[in-house]
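Please look over the model below before reading on. My notes follow as numbered points.

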Amino acid sequence: MPEVVLETIGLTKSFRKRRAVDDLSLQVFEGDVYGFLGPNGAGKSTTIRMLTALVRPNSGTARLLSHDVRRERVRALQSVGALVESPTFYKYMSARENLKIFSRLSGNCEARRIDQVLEIVGLLDRANDKVKTFSHGMLQRLGIAQALLPNPKLVILDEPTSGLDPQGMKDVRELISRLAGDEKVTVFLSSHLLHEVEQVCTRVGIINRGRLIAEGDVGRLLHCDTDLVEFVVNRVDRALEVLDGLSWVEVQPSPSGRGSIAMSIPAERISEVNRALVTAGVEVSAVIPKAGTLEDLFLELTREAGHAD
Amino acid sequence: MLIELRLELLKVLRKPRTYVGPVAMGLLIAAVLVGLKYSHPFDNVQKRLAQDFIICGSFVNAAFLTRYLLDGIVYMFLPLFTCVVCGDLIASEAADGTLRTLLCRPVERFTVAASKYAVCVAYVLALVLGTGLAAYLAGSVFLGRGSLVLHEEGIWILPEHTAIERLLAAYALVAVGMVAVGSISFMISTFLSNSNGAIAVAIGVMYGSAVIGQIDYFAKLRPYLLTTHLDNWQHFFAGALDVQLLARSVAALLIYSALAFLIGIVIFERRDILS
């Protein structure tokens, strides 16, 4: 069983009457790239602020690397790198000077580590430029460099690709994959960009209105919905008439548009549907099993949570 | 703690606004110096006194300049520049968002706040004592040195060494007073995310205290007002010293500073960083 590196138990935070995070319990294991998903205002940033001891929870516990964040703040944050919301630096100082300040506050960080992290994020050639001359993308990369300074076992990144151009987003995603793969860093990543999470994360937690509504392996969560199949046919109207006669077939909106029909059917009955269509004179040119996307799952879960409320 | 202190010092030294105070004080000293040197404000008094006394040198000298300067800076420039730096230390980091990056690091909040406060105290002491020293040195070069002549309930002539002692003591009391002003500013900056707000509120507290002190209805409050004790620097130039009164004022100003620091620390420790 891998070690739990990040854990929250019943974490709750209210701002006046509004409950931002409600009884949140989750676990992140060593080696995970954990995607913390939720729409804007779902409570992602408040959770991250509680994890990094910036905000005091009303109740519940947050633990990083087995240390209680409130009671053992310094030890809990010792091997943790964090980028909370948009990156901020001392504008009147250079990138190197900024990192020097944060490295000295990160315990026993070696001087050459600054150059290493600048190289990792591709800013070594701008190390001596004042931060006020940096673009948003460069600041974002410097923020990640800052988070990597203490050779962390766990990196907490809050919307790390926010405001980046497509190339910048791709670079950050590759960097996260590299960190998890080559450097064995556990990553806790909050985002509302579903394709981003789908591409880089191994596990996800979905939060809505402060509550965790789903958690698990990305693959397992997505495969809950694998009985969706798309048939590409020459006569959609006729095919729909045929399917009307099969009570166990549930026709769904087709993701591909004209010329195809999507339906929920058990995998072992695909051939039965195919035979019925062909017998009725409908030509079937392709049968495509459709894996659910994280987007489908996310929308479904957040919609369900909305109805439940 | 030493590391945090060095980092805070580095940050303050790299901020342009840190130098506004010293530069402004330098310009003010130069302006007063020029004014005193070329306007000859005591020529008539000096001529009249010369009929009965033998006068060597000039009334307008380094000691006079250093004493004269205090009138102009204690209630206006020093509180302003003190608040500009001390009120900015935490509030500007909260406004810029650097506070959250800072507090994500494995460092105690107390250490961060205490280092900032220590830098604030060091800055205030350097500003006040530096201003006094610069005024005396500039006065020595351009006006010459000598006794300090005072017109307080008669004419008092303090020999040069006594004048220097009194000036040192007066600037030290003003420095303690400014530390109290800076501490209030620091305290306010721990719960505001706007450095201008912290500066304005701290200066408002000081001027409010001065106004309340002038109203007879609030006479009972006077012993507890910041400005009552800050005003007492003038006793150093009023002939015989009331040591008890001055000691009480120093103690009161130190209590003000300690309370503001403690309240600031408690607020900072408990504050949610939402900026």
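1. Which residues of the largest nonpolar core touch the most other members? They are A:V187, B:V174 and B:A202, in a core of 152 residues. A nonpolar core here is a set of buried Ala, Val, Leu, Ile, Met, Phe, Trp, Tyr and Cys residues joined through C-beta atoms within 7 Å. Buried means 20 or more other C-beta atoms within 10 Å of a residue's own, with C-beta atoms placed from the backbone. Helix α8 (residues 160–191) of chain B supplies the largest share of this core, 16 residues.

2. The model is predicted: local features need pLDDT of at least 70, side-chain atom pairs count only at pLDDT 80 or more, and totals for chains, interfaces and linings use all residues. Residues are numbered from 1 along each chain as its sequence is written, while chains are lettered from A and ligands numbered from 1 in the order in which they are written.

3. Contact means C-beta atoms, placed from the backbone, within 7 Å. Leaving out residues up to four places away in sequence, B:A202 touches B:C83, B:G87, B:V181, B:I184, B:S185 and B:I188.

4. Chain B has 11 helices and two strands. These are DSSP runs, numbered from the N terminus: helices are H or I, at least four residues; strands are E, at least two. Of its 275 residues, 44% count as buried. The C-alpha atoms of chain B fill a box of roughly 75 × 45 × 25 Å along the principal axes.

5. At the interface, 23 residues of chain A are in contact with 19 residues of chain B. On the chain A side, α3(A) gives the most, with three residues.

Note on methods
A residue is buried if 20 or more other C-beta atoms lie within 10 Å of its own, exposed if 12 or fewer, and partly exposed in between; C-beta atoms are placed from the backbone. Two residues are in contact if their C-beta atoms, placed from the backbone, lie within 7 Å.
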